[in-house]
Amino acid sequence: MTALSRRAFLGATALGILGAGALAGCTPSVPGGTAASGNAGAALPKRFPFAGITPDFVSTHDMGLSAFRHYPVDPVSVYKGAPGDGKPITGLTQLNGPLPPAVDANPYWQELNRRVGSPMKIQQVAAGADFNTRLATITAGDDLPDMMQINSTVPALSAFMTAKMADLTPYLSGDNIRKYPGLANIPTPFWRGCVFDGRLRALPISRGVYSASVMLNRRDLLEDAGLPSDLTRFSDFEDACKELTSSSQNRWALGSNPLAFIRQMQGIPFNWKESGGRFTSAVQDERQEDALEAARSLIAKGYANPDVAAAAPAQMSQWMLKGSAAFMFSTYATWSALYAQRTDKKTTFGVYQVPGFSGGSGTGWGGVANNNIVGFPKASEARIETLLKTADYFASPFGSEEYRFLYYGIEGEDFTLDGGDPVPASADVSHLWLGTRYLGAPPVALYYSPPQSDLVEEVWNHTETYLKTAVFDPSMSLYSETLSRTGASIGAALVSVENDIVFGRRPVSAWKDAVKTFMSSGGSKIADELAKAAEANR
């Protein structure tokens, strides 16, 4: 698989209607846009696909994936020289794994500095720490680094970006982006989340359907039990849960809260519905109580691991790997990650397409556009072209020589070649996680190393089928000030009631009042602001 998918953090939470996934987090976000402005006026970059690299499978959907059976034997080179200017480049990113060795003990980091042509000095905020608190601290001290990962959860995001980040419009809009071939390879829709106050102020770290919310299954357990690999209605899922639960064998069917999957079966929208210029929150959908009751029933019947309510995504993945859970609601990225972590080749995984609750087709949720965005402080504007070239280097497309180095390391030390395919020398790749892939990245490409051609084709075909009926959050390219400032708190209160219902602590009837409180506490204002932002974009 691609190194991008080694981490299961992307969407690995048990996503609910309030948890489509924040830009860079694995914590749920409230209904609403991810990190875009909803301002008209900025000319977005055009897309110029990188020539010289031909995927085996190419999606026609902006949110789809390209896919490769093998890494090219003779990878092309994007850069003929170093993008840096010899001066140190500072950065800030989030760390979702072990801290890498320091530069003096890390040959890969040393080689990266040589290839970039500038020493990369990156602060990494460890997982579990408050990234936004660190950001607030350095902002207050006016000590912003040259390149910054920025998450959707930053309070008053639009005001922050407008006040602190450089205007990239003159450098990247329209045809101007051709100067940066890696960035030019990113489809135009992903750039919509980088516009603030009518100006382009960030770069996208795109994800698309790779972040889509899906129900994974242990295919080998389904086969052993004589169960079908797909579903036609909710009752099929309930039957499978019953068949695959055996507390005496320490196995429960559900390794995560099933509510979001049931909401998809019910056809409930992805966070918001827009009609005639009006935005309606998905939490107001009349089918919500039926979905809550169905999820509550599965939990009450004992089909979920007793610890599922408090389990972290890593624990859920371990249950799947050990076979103590058969189902886990996560993302396509997690499908890839599970295959990378398995120790028994007989262990296989699948993903359900979404059936209608009573038959027919349900409504899959297509995922968020971007994992995070990248800003360049106004104080660094004198070096903006150097910084853009550096981000462009990090965005070198899959199949290039640069990508192979950035994601697999140094040939002969970190990997060997089997044909063109990089074979990692060690399972420990923490020294490669320097945060650069959150300061510049190409569109996700589907690939597995060592190569698994059949799996590549299966996953790609599944995403293409999923995209045919999937819906996207219509607020994904819009910005709401109320959402940015208070969305997390009012969303958390609603999620708390939701969990109380699903896990039997409160009746389903409690949902109606909780939604009224959510809407009166800011939900209605968010809807109005999204509608105004959408109108400004027309």
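Trainee: What should I know before I start?

Mentor: The model is predicted, so local features need pLDDT of at least 70 and side-chain atom pairs count only at pLDDT 80 or more, while totals for chains, interfaces and linings use all residues. Residues are numbered from 1 along each chain as its sequence is written, and side-chain values use heavy atoms, leaving out hydrogens and water.

Trainee: In what order do the strands of the open sheet stand?

Mentor: Strands are DSSP runs of E, at least two residues, and helices are runs of H or I, at least four, both numbered from the N terminus. Two strands pair if DSSP finds at least two bridges between them. Here 4 strands make an open sheet with mixed pairing, in the order β9-β12-β8-β13. β9 (252-254) and β13 (349-352) are the edges; each has a single partner strand, so one side of each lacks a neighbour in the sheet. From one strand to the next, the twist averages 30 degrees; such angles run from 0 to 180 degrees between N-to-C directions, with axes fitted to C-alpha atoms, for helices over the stretch in contact.

Trainee: How many bridges join β9 and β12?

Mentor: The parallel pairing of β9 with β12 (residues 325-331) has 2 bridges. Trp252 sits opposite Ala325 in β12.

Trainee: Which strands does helix α10 lie across?

Mentor: Residues three or four places apart on an α-helix point the same way, because there are 3.6 residues a turn. Helix α10 (residues 313-322) lies across β8 (213-218), β12 and β13, at about 140 degrees to β12. Its buried residues (under 20% relative accessible area; exposed is over 50%, partly exposed in between, with a 1.4 Å probe and protein chains only) are Met316, Ser317, Trp319, Met320 and Leu321. They pack against β8, β12, β13 and α11 (332-341), where contact means heavy atoms within 4.5 Å. After α10 comes Gly323, with a positive phi near 85 degrees.

Trainee: Is Ala492 in a helix or a strand, and is that residue buried or partly exposed?

Mentor: Ala492 belongs to helix α15 (residues 481-502). Ala492 is partly exposed, at a relative accessible area of 45%. From Ala492 to Met519 there are 27 residues in sequence and 13 Å in space, C-alpha to C-alpha.

Trainee: Which residues line the second largest cavity?

Mentor: Rolling a probe the size of a water molecule over the atoms shows where empty space is left. A cavity is a set of points, on a 1 Å grid over the protein atoms alone, where a 1.4 Å probe fits but cannot get out; lining residues have an atom within 4 Å of a point. The lining of the second largest cavity is Phe394, Leu406, Tyr407, Thr436, Arg437 and Gly440.

How values were computed. 1 Å grid on protein atoms, 1.4 Å probe; cavity = no way out; pocket = protein on both sides within 12 Å on 5 of 7 lines; lining within 4 Å.
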